[in-house]
Amino acid sequence: MARVYNFSAGPAVLPEEVLKEAAEEMLDYKGTGMSVMEMSHRSKAYDAIIKEAEADLRSLLNIPDNYKVLFLQGGASLIFASVPMNLMKNRKAGYILTGQWAKKAFAEAKMYGEAVELASSADKTFSYIPDCSDLPVTEDMDYVYICENNTIYGTKFHTLPDTKGKTLVSDVSSCFLSEPMDVTKYGMIYAGVQKNVGPAGTQVVIIREDLLEGDVLPGTPTMMNYKVQADNDSLYNTPPCYGIYICGKVFKWLLRNGGLSAMKELNEKKAKILYDFLDESSLFKGTVRKEDRSLMNVPFVTGNDETDAKFIKAAEAAGFVNLKGHRSVGGMRASIYNAMPVEGVEKLVAFMKEFEKNNQ
Ligand SMILES: *Cc1c(COP(=O)(O)O)cnc(C)c1O
């Protein structure tokens, strides 16, 4: 068995320990004589899995009791529509545009009401986070929306925007559980788990209870009505059972390994190894303004498309896979999520140094 160093932005690397546990339990989950994939979502065994997953997530993030935790399906992209359907009571909201995912959420919101651009970093190919200290937020806006970590461009909000008292909604797909966060600063947090936490097909939504009151927009599908999902403990219909089970294992892995503060320390260490090298390299360059750099997604270029392609090919042959940048921006991107070991980043940097020496 040969595992590679997988720098994919998502679906992405998962902890080996978790994969092994899942393999061991594949045919017979805890004496039930069946796989978790084969069991009723209303069974006693599954009830324990989903309840423990929620309890462990609450403990990892210190989620207050007045927030609901939902496990849903449909991709983070479906949530782009769920957000306005559930929260746009006045049919008006502000969006901060920091990349493709924020732009897509903005476009989706425009189908349901007035979505207003509050700030954008499109002028410099989204290579920075705009100043959000004095945004043109108006009294009639239902919420302010951000994509907190920009998976494609490699930027992260290190300071949350001043929403002038309005509800903050954040897409944290690619930084979820990479470091502690203060849930009380948000009205709603959501993540597609395939970036840092689990297999594709499961979404986590954390939403403050009072936001579930009042009508949703007419035409909202029952499945996208968060009040219905919350009232049914994410079991209105069959949830993404197996995905939730794997997420639960990752939550336990995080708790065993010191929780999110320990994870932050490790992620900072890994990111520093790579950014320090990029800062001194004569061949490779980071593409993001320093103070806005993401700990999770690190884009870089050589400035020459042919050299980029040559590097990606050579890296793959050496066991460093999925380093190609997003199809919309090119270059390279190393995603170094929780499950990427320090050693993986060290070895990548050693490989880059060697490549640099031979390709000046
Ligand atoms: C990947 C990603 C999405 C889209 O996720 P899907 O589950 O494919 O819809 C949305 N937002 C962010 C920040 C992402 O990284």
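1. Which backbone oxygen does the side chain of Arg58 reach? In this predicted model, the side chain of Arg58 comes to 3.3 Å from the backbone oxygen of Pro64. Arg58 belongs to helix α2, which covers residues 44–61. Its relative accessible area is 19%, and the cut-off for a buried residue is under 20%, so Arg58 is classed as buried. Leaving aside residues up to four places away in sequence, Arg58 touches Ile63, Pro64, Asp65, Tyr67, Lys68 and Val69.

2. Some of these contacts of Arg58, including Tyr67, Lys68 and Val69, lie in strand β2, which spans residues 67–72. Strand β2 is mostly covered, with five of its six residues buried. Its partner β10 (residues 203–208) runs antiparallel to it, and six bridges join the two strands. Within this pairing, Val204 of β10 stands opposite Phe71.

3. Strand β3 (residues 92–97) is largely enclosed by the rest of the structure, because six of its six residues are buried. In a regular strand, side chains alternate between the two faces of the sheet. In β3, Lys92, Gly94 and Ile96 point one way, while Ala93, Tyr95 and Leu97 point the other way. Residues on both sides are buried, Lys92 among them. The pairing of β3 with β4 is parallel and extends over six bridges. Glu114 in β4 is the bridge partner of Lys92.

4. Strand β12 (residues 297–301) is joined to β14 by four bridges in an antiparallel arrangement. One of the pairs across these two strands is Phe300 with Met332, the latter in β14.

5. The largest cavity holds about 40 Å³. Its lining consists of Asn86, Leu87, Lys89, Ile207, Leu211, Leu212, Gly214, Val216, Asn225 and Lys227. By class, five of the lining residues are nonpolar, three are polar and two are charged. The lining residue Ile207 falls within β10, the strand that spans residues 203–208 and pairs with β2.

6. The peptide bond between Gly10 and Pro11 is cis, with omega at about -15°. Pro11 is located in the loop that connects β1 (5–6) to α1 (16–24).

7. Lys30, although not a glycine, has a positive phi of about 45°. Lys30 sits in the loop between α1 and α2, and its relative accessible area of 63% makes it exposed. For Thr125, phi is also positive, at about 45°, and this residue is not a glycine either. Thr125 lies in the loop between β4 (114–120) and β5 (143–147). Its relative accessibility is 54%; the cut-off for exposed is over 50%, so Thr125 counts as exposed.

How values were computed. Residues numbered from 1 in each chain as written. Predicted model: local features only at pLDDT ≥ 70, side-chain atom pairs only at ≥ 80, totals over all residues. Heavy atoms only, no water. 1 Å grid on protein atoms, 1.4 Å probe; cavity = no way out; pocket = protein on both sides within 12 Å on 5 of 7 lines; lining within 4 Å. Points joined across faces, edges and corners; volume = space filled by probe spheres on them. Nonpolar A, V, L, I, M, F, W, Y, C, P; charged D, E, K, R; others polar. Buried < 20%, exposed > 50% of the residue type's maximum accessible area, 1.4 Å probe, protein only. Pairing = 2+ DSSP bridges. Polar contact = N/O pair within 3.5 Å; in protein donor to acceptor, adjacent residues only side chain to side chain. Contact = heavy atoms within 4.5 Å.
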